[in-house]
Structures are given as C-alpha cells and as structure tokens.
Amino acid sequence: MSHNTIALNKQRQPLNHLDSVWLFGYGSLIYKTDFAYLDAKPACIYGWQRRFWQGSHDHRGTPEAPGRVLTLVETPGARCAGMAYQVTPDTFEHLDHREKNGYLRVFTPLHWLPSSDNSESGNSGHDETEGVVYLASADNEAYLGPASDAEIAAHIAKSRGPSGPNSEYLLKLAQALRDMNEHDEHVFAIERQLLLLMP
Ligand code: SIN
C-alpha cells in the first residue's frame, strides 16, 4: 500500500452523510489539536496498544531519513487511553492530510474515561460510542516495525522533520499521558532512554 492514504481514506470511508464523528487520538492528536472540534473527552479503546513502529516522512522526519511515530498494534487484552474529539465530517479534509503518511481510518468502539468536566461515564449516560481512529498497518510503505527501546530512542533523538524534532513528539506525548494520569510503559521506557541521550 502506498504511504499516501488521502485518496484511499476518502474512497473507503465517506463520512459526509454524518452530522458529526468522534475521532480517537492516541499520539500527536492528543496534544496537538490544529482543528476545530465540538467536544473533547478522554477515552480508551480495548485490544490495541501504542507502538513507535511507523515511519514519518512528512512530520518528524523526511523520505530520506524517516522519523519514528506511533501506530496501534492489535493486542488482545490491551487498553489504550487517548482523547476523543467530536468533529464535523469536513474536518477530515485536514485530518486526512495530516495523517496521510500510511494511516487508514477505521471505526472502533470508544469507551469514555472520567474527566474533571465529566466525572461520570462522560456521554449523557452512555459509556461507549463508535469513533474513528487512524491506523498505520504493517503493509504501508512507511512502516518500520519493532526495535528495542534503546534503538527507537536513538532513532528519535537524531530525527527531525517539517513539524519539528522527533524528540518533541515523544516528550509532548509522554507529558500529555502523565497529565491524564495514564501510564504507558512503551512510551515511558523510550522517553527514559531518550532523556539519557539528550544534552
Ligand atoms: C493519532 O494521534 O491518533 C495518530 C498518530 C499521530 O498522529 O501521532
């Protein structure tokens, strides 16, 4: 599969017939909201875990020297917490462009987490809804796959792209997860290794 997924996402999953869509963010979409939204709530998905296994040609690296960013890997029993945003379908013009480097949109069940605004289930009494998530699977051309925490940290430490240093992607994500009281050992272990390499 080509690493540019803009046309594929439009063709596979038209959304214009819907009034609004919940988008689930687990990576940069947690801390970088460069789009308008109607509502935002912490949420989680089950059966998936975050992994720094996707190459970034357009944000945190270049085609010649890709950075390492997150994708989700299907893992029975796993839980991945993030932020859900209620957006209008036209927002996907921007989001598909932002996530074009190998990510395909899929619908998945979202479960609300308690938040300060929203101490109960979070969605008018319902504790789950369907939402869209961007996934970069192993068959996209930008996929890098597994490596040790130390190798991933070293790769992140030396990478940079049009959106800035790859290290910023990791450090901002780790901070955003701490702010949500969420522990993700994959993210935090790579962050620890990265901090050892930083001046
Ligand atoms: C996401 O944040 O949900 C997708 C991956 C990324 O843009 O970091």
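In this predicted model, a backbone N or O atom of Tyr26 lies 3.0 Å from an oxygen atom of the ligand, a polar contact being a pair of N or O atoms within 3.5 Å. Of the 250 Å² that the ligand exposes when taken alone, the protein buries 96% (Shrake-Rupley areas, 1.4 Å probe).

Local features need pLDDT of at least 70 and side-chain atom pairs 80 or more, whereas totals for chains, interfaces and linings use all residues. Residues are numbered from 1 along each chain, and side-chain values use heavy atoms, with hydrogens and water left out.

Now for the wider surroundings. The ligand is surrounded by Phe24, Gly25, Tyr26, Gly27, Ser28, Leu29, Glu99, Tyr103 and Tyr169, where near means a heavy atom within 4 Å. Five of these shell residues are nonpolar, three polar and one charged, with Tyr counted as nonpolar and Gly as polar. Strand E1 (21–25) and helix H2 (28–31) are the elements that each give two or more residues to this shell (DSSP runs, at least four residues for helices and two for strands).

As for charged pairs, the structure holds twelve salt bridges, meaning a side-chain nitrogen of Lys or Arg within 4 Å of a carboxyl oxygen of Asp or Glu. One of them joins Glu182 to Arg79, with the closest N and O atoms 3.0 Å apart. This pair links distant parts of the chain, 103 residues apart: Glu182 sits in the loop between helix H5 (166–179) and helix H6 (185–197), and Arg79 in strand E3 (residues 67–87).

Conventions: A polar contact is a pair of N or O atoms within 3.5 Å; within protein, one must be able to donate a hydrogen and the other to accept it, and residues adjacent in sequence count only if both atoms are side-chain atoms.
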